[in-house]
2 protein chains.
Amino acid sequence: MANYTESIEKLIESLVKLPGIGRRSAERIVNHILGASNQESKDLSESITRVKENVRFCSICNNLSEEEICRICSDIRRHKDVVCIVEKTSDVAAIEKAGTYHGVYHVLLGSISPLEGKGPGDLKIDGLMNRIKQNNIKEIIIATDADTEGETTAIYLTKLIKPTGVSLSRIGLGLPVGSNLEYADSTTLSKSLEARRAL
Amino acid sequence: MANYTESIEKLIESLVKLPGIGRRSAERIVNHILGASNQESKDLSESITRVKENVRFCSICNNLSEEEICRICSDIRRHKDVVCIVEKTSDVAAIEKAGTYHGVYHVLLGSISPLEGKGPGDLKIDGLMNRIKQNNIKEIIIATDADTEGETTAIYLTKLIKPTGVSLSRIGLGLPVGSNLEYADSTTLSKSLEARRAL
């Protein structure tokens with residue numbers, strides 16, 4: 001028998017689907033929501049809907065955006081001729097937090113992972129190659145994760161981009177091997193960007 | 001500068017208000033929601049609204065309920081003459097999980113805590129005394145937490161209920177001193193209920 005009412009059980013069910021939320025945390029969250037103001041719970045519920053409705057991928061770099069083109073791509077102060085390639089949109093947020101990078105991005109929305117059956121065709125590489133061909137891009141920094149998938153993706157991209165003659169580098173120093181870029185602290189990320197090695 | 005779009009920042013803001021959710025967890029949840037199906041995110045958002053709209057306190061025992069009277073109070077199989085007094089609605093869920101208690105409950109919706117400026121007047125004690133007077137209650141088990149606030153509340157309730165002549169006990173054996181009832185495992189809770197001592 002369920003120990004809670006029907007709508008509470010349903011909310012708990014929805015909450016445990018979220019990453020890092022177990023049944024115990026879900027119960028605590030429900031109790032918080034029950035005690036919260038109507039405004040607070042309305043804010044939460046509406047924010048979820050609004051994110052799903054409004055957020056899409058930037059048509060240039062695949063970063064999260066509420067417009068056709070994201071804030072970074074449409075920022076005239078950013079250097080459009082330097083492109084940093086990352087796996088996920090959360091990696092953009094992590095590098096932006098470091099605050100030392102002034103170029104633009106290209107989000108692959110994945111990495112090459114034979115184990116998960118993900119090949120180059122599953123990544124947003126076509127758009128990247130078009131950007132290199134059509135725009136005056138001078139430098140590309142490959143900032144994929146330092147794990148197997150990230151390294152495999154970096155090697156694949158190197159083979160693909162090297163012939164175009166664009167200056168190519170891979171972030172290196174500072175990112176602990178086997179770790180995910182997303183979890184790196186800002187200083188490590190800055191060091192990592194500074195110490196990039198030519199490929 | 002915010003690193004995310006406006007609606008994402010707003011959702012993160014709402015999420016970090018929840019217990020146990022920091023900025024990092026909130027970001028991971030947002031990424032999950034962005035990748036989730038529309039149905040899943042709709043379920044989550046609607047569940048929040050529905051819980052706030054439908055859930056209220058049982059008019060008899062103050063447990064969470066979607067009706068005027070909660071499932072436990074309206075269950076004819078429960079022994080209405082045995083009342084277990086707990087601090088919070090989540091304590092009811094914890095004891096129900098143990099599955100060995102067949103009486104009903106009275107949720108105080110708090111505990112006496114001079115440090116937080118909470119006195120007996122802030123607890124649902126009037127309703128409890130009315131239940132004792134008006135109904136044929138034979139036994140009361142005080143299952144407040146084993147911490148200072150819970151013990152203070154137990155002592156206060158003992159003084160109040162003892163003169164009514166109802167058989168009174170306090171759960172004891174099994175609940176580690178200084179801990180919260182809510183976190184106890186089912187076996188400990190069962191033992192604790194079995195080994196209640198008369199007051």
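This is a predicted model: local features need pLDDT of at least 70, side-chain atom pairs count only at pLDDT 80 or more; totals for chains, interfaces and linings use all residues.
**From a loop proline to the two-chain arrangement**

P120(B) sits in the loop between β4 (103-107) and α5 (126-134) of chain B. Leaving aside residues up to four places away in sequence, P120(B) touches I112(B), I125(B) and Y156(B). T148(B) lies 28 residues from P120(B) along the chain, and the C-alpha atoms of the two are separated by 14 Å.

Chain B is superposed on chain A by a rotation of 180° with 0.0 Å of shift along its axis, and the RMSD is 0.1 Å. The two copies are therefore related as by a two-fold rotation axis. Among the residues of chain B, S45(B) comes closest to that axis, with its C-alpha at 2.2 Å. The interface tells a matching part of the story: 100% of the interface residues of chain B are also interface residues in chain A, so the copies meet through the same surface.

S45(B) is one of the buried residues of α3(B), a group that also includes S41(B), D43(B), L44(B), S47(B), I48(B), V51(B) and K52(B). In an α-helix there are 3.6 residues a turn, so residues three or four places apart point the same way. The buried residues of α3(B) pack against α1 (6-15), α2 and α3 of chain A, together with α2 of chain B. The length of the helix can also be checked: at 1.5 Å a residue, the 17 residues of α3(B) should span 24 Å, and the end C-alpha atoms are 23 Å apart, which agrees.

By class, the lining of the largest cavity has twelve nonpolar residues, no polar residues and no charged residues.

The largest pocket has a volume of about 540 Å³. It is lined by 24 residues, and E87(A), K88(A), S90(A), L109(A) and G110(A) lie nearest its centre. Two or more residues come from each of α4 (89-98) of chain A and α2 (23-35) of chain B, and α2(B) gives the most, with five residues. By class, six of the lining residues are nonpolar, nine polar and nine charged.

The second largest pocket holds about 300 Å³ of space. Of the 13 residues that line it, N31(A), G35(A), K88(B), T89(B) and S90(B) are the closest to its centre. Here the elements that give two or more residues are α2 (23-35) of chain A and α4 (89-98) of chain B. The largest share of this lining, four residues, comes from α2(A). Its residues divide into five nonpolar, five polar and three charged.

Notes: Residues are numbered from 1 along each chain as its sequence is written. Chains are lettered from A and ligands numbered from 1 in the order in which they are written. Side-chain values use heavy atoms; hydrogens and water are left out. Ala, Val, Leu, Ile, Met, Phe, Trp, Tyr, Cys and Pro count as nonpolar, Asp, Glu, Lys and Arg as charged, and the others, Gly among them, as polar. On a 1 Å grid over the protein atoms alone, a cavity is a set of points where a 1.4 Å probe fits but cannot get out, and a pocket is an open set with protein on both sides within 12 Å along at least five of seven lines; lining residues have an atom within 4 Å of a point. Grid points are joined across faces, edges and corners, and a volume is the space filled by probe spheres set on the points. Copies are superposed by least squares on the C-alpha atoms of residues with pLDDT of at least 70 in both. Contact means heavy atoms within 4.5 Å. The expected span of a helix is 1.5 Å times one less than its number of residues. Buried means under 20% relative accessible area, exposed over 50%, partly exposed in between (1.4 Å probe, protein chains only).
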